[in-house]
Amino acid sequence: MLRIFKTNEGTLKQLEDIEENVWVNLTNPSPEEIAFVACQTGIETNDIKASLDDEEASRIEVENKYTLILIDVATKETRHGNEFYTTMPLAIILTEKAIVTVCLEDTIVLKPFMMEKVKEFSTAKKSRFLYQILYSSTTVYQNCLRTINKKREAIEARLSKHTKNSDLIELHELETTLVYFATSLRVNGVVLDKLTRNERIKSYPEDRDLLDDVIIENKQAIEMSGIYRDIINGTRELFASVIDNTLNSVMKLLASITVVMSIPTIISGLYGMNVNTDGMPFAHSDYGFLIVCMITLVICFITLLILKKKKLL
């Protein structure tokens with residue numbers, strides 16, 4: 001999908017044709033749309049298609065007529081029937097005529113600009129627009145990381161009640177997301193460092209301050225992803241400890257029940273043997289069976305008290 005925007009007196013308007021100082025947004029573009037933008041802006045079609053490959057690496061490429069900045073942005077995806085986060089490439093191409101963004105799907109990084117929620121946003125100020133997009137990307141990363149941490153807290157809260165395989169799978173998916181985030185943020189950090197040394201992109205002092213803020217926020221997001229990943233590792237170890245402890249408790253309970261149940265089994269087995277009854281206690285008493293049962297119950301009760309005192313029950 002091809003959309004063309006331009007700010008006019010602080011208002012964002014959608015246009016039909018590409019003109020000076022416009023923002024061209026391509027979302028999963030068709031070959032015809034790619035060819036049209038390439039013809040109008042002078043950008044190579046391969047550079048426009050760069051962000052359409054999930055495995056494309058973040059980088060900066062400086063050409064004669066334009067500069068390509070490729071970064072990874074956070075996005076949602078469904079895994080195992082649940083919604084998680086992953087990353088995908090976003091291309092930002094600066095030309096003399098326009099700024100072009102290319103992505104496989106509508107990204108929440110660009111939505112604030114379309115909804116006119118970004119202060120001092122202008123399609124004519126290309127360098128500032130670039131840094132604002134980068135700042136929006138780091139903000140989205142941080143919001144996603146906070147959501148991941150909340151999901152981790154919810155799983156940990158359920159740990160005291162029960163342990164399900166679905167919780168373990170969800171915890172693994174959260175850890176996988178953090179791996180993606182940490183990798184993408186580090187590579188984005190390299191791109192940001194290169195931008196500080198790039199003289200091709202014209203910028204003003206206030207734009208440089210914005211870029212410095214982006215670098216700081218990106219570093220903070222890297223630290224957050226590392227911290228949350230360590231916490232999730234601790235939660236997984238806690239899961240394992242709880243499972244082991246529960247198993248030990250069950251085994252102790254079963255062993256104690258086996259000990260108690262073996263007492264009446266042994267006594268009934270002795271009395272059930274085909275031997276002379278003269279040597280069997282209470283064999284000739286009218287209340288012999290009742291007496292043996294009572295003695296058995298007393299022995300079982302004493303055994304239960306001993307097991308409970310030893311904390312085996």
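Let's start inside helix H5 (residues 165–196), where Asn 188 sits; helices here are DSSP runs of H or I with at least four residues, strands are E runs of at least two, and both are numbered from the N terminus. This is a predicted model, where local features need pLDDT of at least 70, side-chain atom pairs count only at pLDDT 80 or more, and totals for chains, interfaces and linings use all residues. Residues are numbered from 1 along each chain as its sequence is written, and side-chain values use heavy atoms, with hydrogens and water left out.

Asn 188 has 5% relative accessibility, so it counts as buried (under 20% relative accessible area, with exposed over 50% and partly exposed in between; 1.4 Å probe, protein chains only). Leaving aside residues up to four places away in sequence, Asn 188 touches Ser 58, Ile 71, Asp 72, Tyr 141 and Asn 218, a contact being heavy atoms within 4.5 Å.

Zooming out, the protein chain has seven helices and seven strands. The order from the N terminus is β-β-β-α-α-β-β-β-β-α-α-α-α-α. The chain is more spread out than a compact globule, because its radius of gyration is 35 Å, well over the 20 Å that the globule rule gives for 313 residues (taken over C-alpha atoms; the rule is 2.2 Å times the number of residues to the power 0.38).

A few whole-chain values:

| Property of the protein chain | Value |
|---|---|
| Share of contacts between residues at least 6 apart in sequence that join residues at least 24 apart | 63% |
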